[in-house]
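Open the model in your viewer and keep the sequence beside it. We will go stop by stop, with one selection at a time.

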Amino acid sequence: MQLDGTNLYVLTRQDGKLWRLDTTTGQFTWLADFPGNGLLRLSDGDFLTTWVGTEGGPSRGVSRYDSDTGAVTANWAPVPRGEGLALSPDQRIVYTDDLFTGQIYRIPLDAPDRWSVVTTVPGLIPGLDDLATSADGDIYVAAHLTGVIRRVDPDSGATCALTTELPVGWAGPSSVRIAPSRDGYALYVTSFDGTLRRLQPPADVKLMPVRGS
């Protein structure tokens with residue numbers, strides 16, 4: 001889901017459709033057939049989504065919905081697979097991650113066919129799912145099969161585990177977000193076991209979300 005003012009955009013996976021919900025009137029409007037996993041709204045109003053292929057059919061990399069024409073470009077960025085989606089602080093790069101290989105991909109918005117690998121997260125099959133970016137450019141990624149939240153430096157590719165105490169496997173972390181807490185900002189982690197957890201950084205760590213995300 002993505003919220004823009006009073007409009008909530010929802011991607012329904014069962015029928016593969018993108019909807020807009022007017023939260024003031026409760027009216028749903030169908031926008032496009034747009035099957036996928038992750039959903040990201042760009043500053044120009046377009047949407048990106050991923051389709052890893054585990055739900056049926058081949059991977060479609062990252063697809064794009066044009067908000068002006070209503071056209072959908074499947075495999076707009078031909079990465080092998082994609083799960084989560086997050087923007088860089090300058091909103092010129094989008095990142096996605098590969099469930100099977102543990103790779104994180106960098107996709108230039110102005111040249112989506114020139115994607116590259118940022119890093120490969122340690123682990124045989126870490127099970128990368130969702131990811132988020134901070135204002136200082138770091139990437140935070142949830143690996144549900146290993147039960148780890150990792151911080152990634154997109155310039156060097158270096159990674160470190162922030163916590164290894166989460167459930168693993170199909171009870172592991174499925175999403176990570178940066179949001180306000182009692183003391184600045186924190187990481188909020190949802191898991192397949194239905195829990196929501198807050199990871200509060202140390203007082204000397206200034207965690208901030210990407211503006212507009």
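Which residues does Asp 46 touch, not counting residues up to four places away in sequence? Select Asp 46 and show its surroundings. The residues it touches are Leu 40, Arg 41, Arg 64, Tyr 65, Asp 66 and Ser 67. Keep in mind that this is a predicted model.

**Stop 1: Asp 46**

Stay on Asp 46. It sits in the loop between β5 (39–41) and β6. Is Asp 46 buried or exposed? Asp 46 counts as buried, because its relative accessibility is 7% and the cut-off for buried is under 20%. Now show the side chain of Arg 64. The side chains of Asp 46 and Arg 64 make a polar contact at 3.0 Å.

**Stop 2: Phe 47 and Tyr 65**

Select Phe 47 and Tyr 65. Their rings form a tilted aromatic pair. The centres are 6.3 Å apart, with 45° between the planes. Which parts does this pair tie together? Phe 47 belongs to strand β6 (residues 47–51), and Tyr 65 belongs to strand β7 (residues 61–65). The pair therefore links parts that are 18 residues apart in sequence. Check the accessibility of each ring's residue. Phe 47 is buried, at 1% relative accessible area. Tyr 65 is buried too, at 6%.

Together with Phe 47 and Tyr 65, they form one aromatic cluster.

**Stop 3**

Trp 19 is partly exposed, with a relative accessibility of 22%. Phe 28 is also partly exposed, at 48% relative accessible area.

**Stop 4: the open sheet**

Switch to a cartoon view. Colour β1 through β4. These 4 strands make an open sheet in the order β1-β2-β3-β4, with antiparallel pairing. Which strands are the edges? They are β1 (2–4) and β4 (27–33), each pairing on one side only. From one strand to the next, the twist averages 25°.

Zoom in on β1 and strand β2 (residues 7–12). They pair in the antiparallel sense over 3 bridges. Finish by selecting Leu 3 and Leu 8. Leu 8, in β2, is the bridge partner of Leu 3.

Key
Residues are numbered from 1 along each chain as its sequence is written. This is a predicted model: local features need pLDDT of at least 70, side-chain atom pairs count only at pLDDT 80 or more; totals for chains, interfaces and linings use all residues. Side-chain values use heavy atoms; hydrogens and water are left out. Buried means under 20% relative accessible area, exposed over 50%, partly exposed in between (1.4 Å probe, protein chains only). Rings of Phe, Tyr and Trp (its six-membered ring) pair if their centres lie within 6.5 Å; planes under 30 degrees apart count as stacked, over 60 as edge-to-face and the rest as tilted. Helices (H or I, at least four residues) and strands (E, at least two) are DSSP runs, numbered from the N terminus. A polar contact is a pair of N or O atoms within 3.5 Å; within protein, one must be able to donate a hydrogen and the other to accept it, and residues adjacent in sequence count only if both atoms are side-chain atoms. Contact means heavy atoms within 4.5 Å. Two strands pair if DSSP finds at least two bridges between them. Axes are lines fitted to C-alpha atoms, for helices over the stretch in contact, and angles run from 0 to 180 degrees between N-to-C directions.
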